[in-house]
Amino acid sequence: MEYYNYIKSLHLIFVITWFAGLFYIVRLFVYHAEANEKSEPEKSILIKQYQLMQYRLWYIITWPSAVLASLFAFWLLHLIPEFLNQDWMQVKLGFVVLLFAYHFKCHQIFKELQNNQVKHTGNFFRIWNEGATIILFAVVFLVIVKNAINWIYGVIGIILFSMLIMMGYKLYQKIRQKNN
């Protein structure tokens, strides 16, 4: 299994680019929703540009990264199937399921925005953007610590982290309103 570390490295690289795509696509959703509130011709120009940027990011970086990260993950599990019997891996895979649900919801939003259907505000997308962050924290801690027995503490930590993010967002929102 001399190539195990190469496969693991490729898996990690594509996980990183997948998350980068998820973080950036939602940021583009924020800009798109805010552009929708502008007057013409600025609105049309910005929306057209954001749709192009979203399309390229989604189909050239995010989706291929998700697929490749998954393929390398399956390959790793094929090489060391004992991982599936470990508690930390089972909890991690639960978070991976959540990540795919988040990804598919982003895909749905992406398609709506490509069809000029803006159903959410910029503020909604700012909060939505934290979903991937929370999943990332959970997965990284599980993989590094490899201890699902303490996953309860991890979940409590994630909830507290989420509350900090929301408080930070509310503070940011107040500062932004004050400056406008």
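At 1.5 Å a residue, the 28 residues of α3 should span 40 Å, and the end C-alpha atoms of α3 lie 41 Å apart, which agrees. The expected span is 1.5 Å times one less than the number of residues, and helices are DSSP runs (H or I, at least four residues) numbered from the N terminus. This is a predicted model in which local features need pLDDT of at least 70 and side-chain atom pairs pLDDT 80 or more, while totals for chains, interfaces and linings use all residues. Residues are numbered from 1 along each chain as its sequence is written, and side-chain values use heavy atoms, without hydrogens and water.

Now for the neighbour of α3. Helix α1 packs against α3 at an angle of about 40°, with the axes 11 Å apart. Axes are lines fitted to C-alpha atoms over the stretch in contact, with angles from 0 to 180 degrees between N-to-C directions.

| Helix | Residues | Some residues in the contact |
|---|---|---|
| α1 | residues 4–35 | including Trp18, Phe29 and His32 |
| α3 | residues 87–114 | including Lys92, Phe100 and Leu113 |

Contact here means heavy atoms within 4.5 Å. The residues of the contact of α1 with α3 divide into 12 nonpolar, 3 polar and 1 charged.

Beyond α3 comes Asn116, with a positive phi near 60°. Elsewhere, the side chains of Glu34 and Arg126 form a salt bridge at 2.6 Å, N to O (the cut-off is a Lys or Arg side-chain nitrogen within 4 Å of an Asp or Glu carboxyl oxygen). This pair links distant parts of the chain, Glu34 in helix α1 and Arg126 in helix α4 (residues 122–128), 92 residues apart.

Technical notes
Helix = DSSP H or I, 4+ residues; strand = E, 2+ residues; numbered from the N terminus. Nonpolar A, V, L, I, M, F, W, Y, C, P; charged D, E, K, R; others polar.
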